[in-house]
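Welcome! Please take a moment with the sequence and the model below, and then we can walk through a few places together.

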Amino acid sequence: MKKRIIALSFVVILCVSLVGCGFLLPAPKAPEINIEPGVGYDLGEIVATKNIASMVAITATVGSRQSSGAGFVITEDGYVATNAHVVIDNAIPAKNIICNFYNGAQCAAKVEAYDNALDLAILKLVSVNPKFSPVTLSTKPLNFGESAIVIGNPMGVGLSVGFALVASPKTPLEDADFDFIQIDSNINHGNSGGALFDKNSNVVGIVSRRLEKETDKDAEVIGIGFAIPTQILLDFLKKERPSIYNVIKDKVVTK
């Protein structure tokens with residue numbers, strides 16, 4: 001059976017223009033909800049309530065093509081992590097990158113660093129807003145079958161929450177020099193760059209790709225996705241943007 005692994009950015013033909021830089025609405029803050037675990041709240045709601053203000057739905061224009069994906073804020077001054085294939089085309093950074101927050105706020109962004117081999121990119125939000133809400137990163141080892149949550153931008157419809165299981169904490173793929181986190185989840189095009197959260201609401205991976213059949217004669221492939229471990233992102237930052245790494249390194253959950 002032939003299979004192929006594809007990136008999850010969503011591409012359509014579309015002409016867009018920016019309306020300017022900065023927020024069109026006030027900068028997002030986490031919803032004010034008093035969460036009492038076990039009293040009417042499930043894992044998805046707990047994780048989303050804590051982190052939805054840190055997530056962005058991304059649109060990025062390269063020529064006449066518009067790529068949609070997701071990303072998450074990693075520093076208070078507006079650096080965002082995503083996949084390189086969402087904002088890079090043939091080694092050319094995309095123009096007209098817009099990050100959309102859950103409350104309708106929009107912000108322009110520019111590519112600060114990227115690595116096509118790792119499929120990672122760092123964006124900088126261009127905004128007068130002085131402070132954003134970053135996620136908490138975790139490199140704590142994952143377990144087989146562990147519950148997880150995915151927040152992304154499936155099919156470009158906007159930020160959405162989905163459930164996942166850690167199918168395998170370490171899965172090697174032929175075209176990468178590191179092991180991916182294999183997840184059992186209904187991820188779609190547009191989920192690229194989205195965050196994989198553990199049950200403690202920490203980001204443990206960046207959703208990057210899924211397995212698909214190559215031809216109509218192949219068996220259907222369902223729920224086999226892959227995320228880049230947070231440690232790979234940290235290693236990338238340490239090498240390419242040490243100033244960002246130094247800001248977040250002591251806040252990373254390791255155990």
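Predicted model: local features only at pLDDT ≥ 70, side-chain atom pairs only at ≥ 80, totals over all residues.

Which element gives the most to the lining of the largest pocket? Helix H3 does, with three residues. Residues are numbered from 1 along each chain as its sequence is written, and side-chain values use heavy atoms, with hydrogens and water left out.

Back to the pockets. A pocket is found on a 1 Å grid over the protein atoms alone, as an open set of points where a 1.4 Å probe fits, with protein on both sides within 12 Å along at least five of seven lines; its lining residues have an atom within 4 Å of a point. The largest pocket has a volume of about 280 Å³, a volume being the space filled by probe spheres set on the points, which are joined across faces, edges and corners. Its lining has 15 residues, and Thr 139, Pro 169, Lys 170, Ile 181 and Pro 229 lie nearest the centre. Two or more lining residues come from each of E12, strand E13 (179-184) and helix H3 (230-240). Helices (H or I, at least four residues) and strands (E, at least two) are DSSP runs, numbered from the N terminus. By type, the lining of the largest pocket holds eight nonpolar, four polar and three charged residues. Here Ala, Val, Leu, Ile, Met, Phe, Trp, Tyr, Cys and Pro count as nonpolar, Asp, Glu, Lys and Arg as charged, and the others, Gly among them, as polar.

The second largest pocket has a volume of about 150 Å³. Among the residues that line it are Ile 74, Glu 76, Pro 134, Val 247 and Lys 251. Its lining divides into seven nonpolar, two polar and two charged residues.

Now turn to strand E10 (residues 120-126). Six of its seven residues are buried, so E10 is largely enclosed by the rest of the structure. Buried means under 20% relative accessible area, exposed over 50%, and partly exposed in between (1.4 Å probe, protein chains only). Strand E10 pairs with two strands mentioned here, where pairing means that DSSP finds at least two bridges. With strand E5 (residues 79-82), E10 pairs in the antiparallel sense over four bridges, and Tyr 79 stands opposite Lys 124. With strand E9 (residues 106-115), the pairing is also antiparallel, over seven bridges, and Tyr 114 faces Ala 121. E9 and E10 form a hairpin with four residues between them.

That hairpin brings us to backbone angles. Most residues other than glycine have a negative phi. In the turn, however, Asp 119 has a positive phi of about 60 degrees. Asn 96, in strand E8 (residues 95-100), has a phi near 55 degrees and is partly exposed at 31% relative accessible area. Met 155 has a positive phi of about 60 degrees too; it lies in the loop between strands E11 (147-152) and E12 (160-172) and is partly exposed at 36%.

Finally, how many disulfides are there? The count is zero, with a disulfide taken as a pair of cysteine sulfur atoms within 2.5 Å. Cys 99 has its closest cysteine sulfur in Cys 107, 6.7 Å away, and that is too far for a bond. Cys 99 is buried at 0% relative accessible area, and Cys 107 is buried at 1%.
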